[in-house]
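I opened the model to take notes on a few sites. My entries follow, in the order I looked things up.

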Amino acid sequence: MTAGIAEGAWVLNLDTPTLPPATATNTLIVGGDRLLIIEPATPHAREQARLDALIASLLADGRALAGIVVTHHHVDHIGYAPALRDRHEIPIFAHPQTASRLDFPIDTHIDEGWTIDLGEGHVVEALFTPGHAPGHLVVWDRKTNIAHAGDLVAGEGTILVDVSDGGDMGVYLDSLRRMAAHVRAHQADGQSPSFVPAHGPVLDDPVAVLEHYVSHRLAREAKIRRAVVEGGRRAFLGILAAAYDDVPKKLWPIAAMSVEAHLRKLVADGELVRVGKGARPAAG
Ligand SMILES: [Zn+2]
């Protein structure tokens, strides 16, 4: 099966209504004699048929299905989950903060420390990694050390932190740092974890990606801080223009989401206070 990326791990990249330049979401299936389907995201019938064909071939090998995990509530991560649940009569697992944001029921609420034994040495665990979304989980197969990273990081495009939908920049940065430490600990044990992000190719050096995300966010935050503290910018648009002077204007509507997320973090950190939609130094 061409979808196989390791023994007991299969990935299909299926079209979804997601944020350009990404056009698709990775579905990961892992397990031994029982299989977990992580992120069956596509709402499109032709793409669902591709996943159905892979599942049918795995069932024909004598395997069974144990359930479905959705990493978080966003629309490009959930498209096939309810129908697949009903067809195969298997549970959907998700964090309660995800369940409360969906318009279909979640069968089993899971959180940090949840594990499921899928046979043949495959034990999958959930790692609570909020920030991009309040209920975000990374789902890690201990045997293959392949993890579905959801939208913690991406192989293409960027990860948005949208405060109007429960995003939190400080929490997101904590999750990135924590996962980098977690992967590094496995590497110290001689293992080489790889991440299947929701969007883009498999990441074989997840620590480098996680650390790049942290440094990129902190560099942007430093520009925002400088614009307010040294540049004297107070209005939201002025802060945006100064902090994103290296980015084409057509991307500013998306950049505005990041500015808002960083401003809220800088306020929470005690560095800035809000003035209308903008900000000023806390000490000034
Ligand atoms: Zn998302």
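I then checked His72, which counts as buried because its relative accessibility is 0%.

A note on the source: this is a predicted model, where local features need pLDDT of at least 70, side-chain atom pairs count only at pLDDT 80 or more, and totals for chains, interfaces and linings use all residues. Residues are numbered from 1 along each chain as its sequence is written, and side-chain values use heavy atoms, with hydrogens and water left out.

Next I looked up the zinc ion. His72 (NE2), His74 (ND1), His132 (NE2) and Asp151 (OD) coordinate the zinc ion at 2.1 to 2.2 Å. Donors here are N, O and S atoms within 2.8 Å of the metal (3.2 Å for Na, K and Ca); water is not among the atoms, so sites may look incomplete. Along the chain, the donors are spaced H-x1-H-x57-H-x18-D.

Why is the arrangement of the 4 donor atoms irregular? The angles they subtend around the zinc ion run from 92 to 172°, which makes the arrangement irregular. Four donors are tetrahedral if all angles lie between 85 and 135 degrees; four are square planar and six octahedral if opposite donors are over 155 degrees apart and all others between 65 and 115; anything else is irregular.

I moved to Gly135. This residue sits in the loop between strand E9 (123-128) and strand E10 (137-141). Strands (E, at least two residues) and helices (H or I, at least four) are DSSP runs, numbered from the N terminus. Gly135 counts as buried because its relative accessibility is 1%. Its C-alpha atom is 7.7 Å from that of His73, 62 residues apart along the chain. Beyond neighbours within four places in sequence, I found Gly135 in contact (heavy atoms within 4.5 Å) with Thr71, His95, Gln97, Thr98 and Phe128.

Last, I took helix H6 (residues 236-243). How many of its residues are buried? I noted 6 of 8, so H6 is mostly covered under the cut-off of 20%. The buried residues of H6 include Phe236, Ile239 and Leu240. They pack against helix H5 (206-229), helix H7 (252-268) and strand E14 (278-281).

Technical notes: Buried means under 20% relative accessible area, exposed over 50%, partly exposed in between (1.4 Å probe, protein chains only).
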